Amino acid sequence: SLRDPNIDRLLRAFTGRIPDRVPLHEITVHSRTLEFVMGRTLTGGEAGVYTTTDVIEYEKKTVEKTRRPHVIAQEARTLSTFTITPAEYLDFCRCASIDAMVVPLSYTGQEGIFTRGQITGWPDLDRMIPPPDMGTVRQYLQQYIDVARGTGVGVAAWVHSCFARTYELLGFENFAVKLFDDRAFIEHVMDVFTAYSTAVAEMVAEMEISHFWIADDIADNRSLFISPRRSEEHTSELQSLTNL
């Protein structure tokens, strides 16, 4: 049936071939849409590299608690495809004809994905939260792979690159100033995020995922966040390091 999820149609579109219908793929869907589509009330669980006050308060209000491994540093005050169980996510994909689940494996370096500017300079680096170990990440992703196996629904592993995570951690104004006043600090923080995402990429390449999603916000609908010249400088340096 054309309504059934099918990861093959999404992969066909990715590779420039013609699928049987337009694929459906979404990075995350939130509570009101989830519950409307599925026709029932859902109960979210704990999400976050480290338990925050917001998560604890959220769980106190939750009748049925679903405890999940700590992978993505985010507040869990709203229900989404990031906080429902893998089995519920699979059910949602079937109800909405979505061809793949997106599993967040991103790392923010701080408590709360919506927090900004916690690290302002070198003296603050000891307050940067270390990334989860790869064993925890693997176990977390494997749950989705096991649930999706044989269903036609794909599993996408999702991480961020280094740019957005750095300016979120530093606060954008501080990030912009540091690009000129302390470029070594910016590059150091970017290296931390790059090392984590690279480790995840190497690990998931050996797992049964359908595709790997690297996200990063480097522009809005007006322009790049930093000048093209500065972007080219960073790109040239990365290419020279790759050629070594």
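Is Tyr 167 buried or exposed? At 11% relative accessibility, Tyr 167 counts as buried. Buried means under 20% relative accessible area, exposed means over 50%, and partly exposed lies in between (1.4 Å probe, protein chains only).

## The model

This is a predicted model, where local features need pLDDT of at least 70, side-chain atom pairs count only at pLDDT 80 or more, and totals for chains, interfaces and linings use all residues. Residues are numbered from 1 along each chain as its sequence is written, and side-chain values use heavy atoms, leaving out hydrogens and water.

## Aromatic rings

The structure holds 13 aromatic pairs. Rings of Phe, Tyr and Trp (its six-membered ring) pair if their centres lie within 6.5 Å; planes under 30 degrees apart count as stacked, over 60 as edge-to-face and the rest as tilted. Tyr 167 and Phe 172 make an edge-to-face pair, 5.1 Å centre to centre with 75 degrees between the planes. Phe 172 is partly exposed, at 35% relative accessible area.

## Helices H7 and H8

Phe 175 also sits in H7, where Phe 175, Lys 178, Leu 179 and Asp 181 meet Arg 183, Phe 185, Ile 186 and Met 190 of H8. Contact here means heavy atoms within 4.5 Å. The contact residues divide into five nonpolar, no polar and three charged.

## Helix H1

In helix H1 (residues 7-14), Ile 7, Arg 9 and Leu 10 are buried. Seen down the axis, the buried residues of H1 fall within an arc of 160 degrees, so they line one face of the helix. Their cover includes strands E1 (100-104), E2 (154-160) and E3 (211-215).

Note on methods: Helices (H or I, at least four residues) and strands (E, at least two) are DSSP runs, numbered from the N terminus. Ala, Val, Leu, Ile, Met, Phe, Trp, Tyr, Cys and Pro count as nonpolar, Asp, Glu, Lys and Arg as charged, and the others, Gly among them, as polar. The arc is that of the directions from the helix axis to the C-beta atoms.
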